[in-house]
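Dear colleague,

Here is the structure you asked for. My notes follow below it.

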Amino acid sequence: MADSKFVYFFGGNRTEGKNSMKDLLGGKGANLAEMANLGIPVPPGFTITTEVCVQYLKGKEYPKGLIEQVDSAIEKLEGIVGKKFGDDNNPLLVSVRSGARASMPGMMDTVLNLGLNDRSVLGLAKNTGNPRFAFDSYRRFLAMFGDVVLGIGHDKFEHVLSEKKQSLNIIQDTDLDVNALKELVEQFKTIIERETGEKFPQDARKQLMMAIEAVFQSWNNQRAITYRKLNNIPAGWGTAVNVQAMVYGNMGETSGTGVAFTRDPGTGEKRFFGEYLINAQGEDVVAGIRTPNPISTLKEAMPAAFRQLEEIYVKLENHFRDMQDIEFTIEQGKLYMLQTRNGKRTAAAAIKIAADMVAEGLIDKKTALLRIEPNQIDKLLHPMIDPNATLQVVASGLPASPGAAVGQVVFTAEHAEKMAESGAKVILVRTETSPEDIGGMNAAEGILTVRGGMTSHAAVVARGMGKPCVAGCDAISIDIKKGVFSTGSCTINEGDHISIDGSTGHVIVGKVPLITPEVSEELRTVLQWADEVRTLGVRTNADTPYDATVARDFGAEGIGLCRTEHMFFGDDRIPVVREMIMAESGTARRSALAKLLPMQKEDFVGIFRAMEGYPVTIRLLDPPLHEFLPDHEEALKKLMELESKGAPEHEINRVKKIMDRIEFLQEINPMLGFRGCRLGVVYPEIYEMQVQAIIEAACELTKEGMNIVPEIMIPLISHVKELQLVKKQVVKIASDVMAEKDVKINYRIGTMIELPRAVLTADKIAREAEFFSFGTNDLTQTTFGFSRDDAGKFLPFYIEQSILEHDPFAVLDQSGVGELIKIGIDKGRSTRHDLKIGLCGEHGGEPSSVIFGHKVGLNYVSCSPFRVPVARMAAAHAALQEEEMNKK
């Protein structure tokens with residue numbers, strides 16, 4: 001590496017970089033070079049590459065030749081600026097700033113005014129004729145160097161500065177005169193010597209190398225690490241360092257500094273948006289030390305500089321073809337540009353800016369689509385907490401279903417339903433939810449659970465309902481007997497108001513104001529563009545006509561998963577279901593199921609109507625039967641009440657019988673127990689009733705002239721013989737119903753692939769199945785051997801220790817579970833070439849998982865209704881990325 005180039009110069013007709021070199025020069029360095037190439041006034045400087053950072057962080061050594069290249073760049077800089085670095089009389093001062101290839105605003109460190117010392121500050125004062133400016137720059141440098149390079153808390157310097165202003169009875173830093181600034185300089189140097197045991201370094205070259213090292217190390221400060229995790233920025237990228245000649249906004253009333261956006265980053269409106277300060281340096285604007293002025297008033301304060309700034313920002317936006325975030329300094333009336341980058345923006349602004357720029361001819365539709373992160377769309381479809389609200393966050397869990405909700409605390413589903421009926425808004429707080437809680441979950445504004453992960457019952461159902469959910473919040477403990485839950489020092493009573501944010505996982509005391517977003521015309525437009533380019537279908541997971549209608553409005557092209565078990569929990573149904581479970585013979589079970597048949601048919605009629613013309617995949621009953629019975633503790637409590645009251649013997653015996661059945665059905669590991677197709681094998685009458693309801697509903701609507709497309713899915717197949725047996729039952733019932741109704745229905749029979757053995761024998765299973773749907777929730781669970789409801793206890797540590805990059809229940813594990821999916825697809829289509837294959841786990845609405853589904857040849861993904869627009873955008877991204885790869 002001795003002959004490698006580590007330093008790239010920019011400015012003064014000697015620019016060596018360009019915008020396309022972001023991987024090497026970082027975003028800031030590449031854009032500074034690009035502005036210099038465009039003839040925009042940029043203070044000259046040089047960029048030390050990201051490669052140097054990566055090498056330095058590995059071994060704490062710089063590559064051979066770096067120091068010589070830095071020295072050479074300093075010489076070039078001195079020649080252009082006409083000042084000498086480290087000179088006492090006419091000092092060249094520099095800024096030292098970070099710059100990763102991805103924008104990480106405020107996450108890493110900066111040092112300004114580097115090169116000052118006790119002698120050069122006097123030279124600067126003499127040369128400029130402005131001693132106040134010189135000592136103001138020196139005190140700023142000492143504080144920043146002390147904080148960033150020497151690790152002395154910024155508060156120590158800030159405390160001394162505040163005391164000085166109080167003693168002089170002044171408010172603003174700009175009111176400090178030169179004598180006060182000189183005193184601060186001495187006090188700051190004393191702090192440095194006291195905290196480090198060494199005097200402040202007076203040698204400019206030593207200052208520079210120490211600052212470069214500090215900026216490299218800031219790549220691994222805690223806030224940068226957190227930001228990278230939140231934004232999926234690889235730790236191996238490293239940051240570049242930009243060393244740039246200082247220009248000064250703190251030279252008096254003809255100088256200033258500011259930050260601006262070429263469009264409003266909050267709304268996307270096409271207007272110049274930003275703030276500036278007179279007689280200030282850059283950190284004054286962002287640190288909130290002084291209240292800045294709106295950029296519009298700069299037109300009156302400095303009209304010539306403002307006109308030039310307008311010309312430049314228009315030029316930059318047209319060149320980069322995106323909304324720009326710019327920093328500038330005005331030194332004694334002369335404008336300099338310090339930075340430009342693609343500006344961070346809200347989800348609403350991202351949509352509007354993309355649509356507007358297409359209309360303006362700046363970008364094409366494909367570019368616009370790639371500018372919009374799929375997950376941004378999700379934020380537009382759920383209520384959000386007002387960003388200006390003051391919050392008392394008392395606990396945090398998993399952000400299991402996005403959006404925010406406010407309501408009174410209730411601890412049971414029954415109470416939630418009763419409260420909701422009376423008009424109250426409630427938050428259902430449970431240790432964990434079960435299918436029996438469905439009514440209360442539907443009635444609640446949001447759900448909070450102590451246990452469970454991102455694909456727990458609470459999370460899956462909440463997302464399907466479009467309700468906020470915070471799951472796995474083990475910081476809270478519930479005492480139902482006392483009617484309270486506690487979070488350490490805070491106790492919340494049943495009936496108290498709380499707020500939850502399903503986008504962050506926060507639990508908040510009291511009511512907070514919510515903002516309800518609307519689906520904008522721009523969003524509808526960009527989603528239509530997405531549909532024009534995507535090839536992957538997008539269906540929804542829906543169990544009710546309402547959910548199906550919502551999903552269709554969001555662009556769903558059918559139902560990929562209709563969970564029939566959710567239909568069994570209505571007040572008029574659960575007693576009949578329990579009668580069926582308590583039955584001791586097939587005849588008795590059929591008698592109870594006959595009562596359920598018209599109810600099930602009614603459900604399917606509503607769902608088929610809502611999805612007319614689109615396929616509806618209905619999963620036959622999947623969960624273990626004990627989930628439909630009361631909790632054992634609840635039954636025991638009921639028994640004790642009856643016995644204490646001297647209730648009739650037949651009532652006591654009825655409860656005892658229920659308890660016996662609960663104990664009989666109880667399983668150590670129910671997720672691997674008596675569920676799925678195993679129910680259809682042992683109790684065929686259950687599936688017979690469901691198939692009859694499906695086909696009768698389809699026949700009735702077909703007679704009305706509707707196009708109904710049923711797909712019957714048999715769950716949890718592990719052996720082809722299971723499928724053969726259950727399929728035979730399905731075909732017989734369907735044939736009998738169609739013969740009776742004299743209607744021909746084109747239906748399909750397929751299976752859910754959610755067990756490794758099913759994957760490995762997919763070629764055999766495909767001989768019987770007309771379609772596959774990968775149930776990635778269970779496939780992830782059975783592949784890893786993780787219980788999806790209990791893994792929350794250790795998965796955060798796995799991610800923290802980099803054992804796993806993501807929660808595999810939230811983001812598909814492509815290297816493990818994904819490889820099984822590939823095997824299943826290849827084996828299945830080796831037997832049945834036209835095999836239709838989808839994915840209906842919760843990964844169906846997660847962007848990277850959707851993109852994976854496109855790559856491996858799925859026909860569709862299926863997700864909760866409110867994730868359908870996200871999946872549409874992600875599928876478009878997948879198609880565009882593939883198109884780009886094919887060009888290469």
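Arg-589 lies in helix 22, which covers residues 586–610; helices here are DSSP runs of H or I with at least four residues, strands are runs of E with at least two, and both are numbered from the N terminus. Arg-589 has a relative accessible area of 11% and is therefore buried (under 20%; exposed is over 50%, partly exposed in between, 1.4 Å probe, protein chains only). Beyond its neighbours within four places in sequence, Arg-589 is in contact with Met-580, Ala-583, Glu-584, Tyr-683 and Glu-685, contact meaning heavy atoms within 4.5 Å. Glu-579 is 10 residues from Arg-589 in sequence, and their C-alpha atoms are 7.7 Å apart.

This is a predicted model, in which local features need pLDDT of at least 70 and side-chain atom pairs pLDDT 80 or more, while totals for chains, interfaces and linings use all residues. Residues are numbered from 1 along each chain as its sequence is written, and side-chain values use heavy atoms, leaving out hydrogens and water.

As for the whole protein chain, it has 34 helices and 33 strands. Its C-alpha trace spans about 105 × 65 × 50 Å along the principal axes. Of its 888 residues, 56% count as buried. Among contacts with a separation of 6 or more, 69% are between residues 24 or more positions apart. The accessible surface of the protein chain is about 37,100 Å², and carbon and sulfur atoms make up 49% of that surface (Shrake-Rupley method, 1.4 Å probe; for residues, only the protein chains shown count as cover).

Regards
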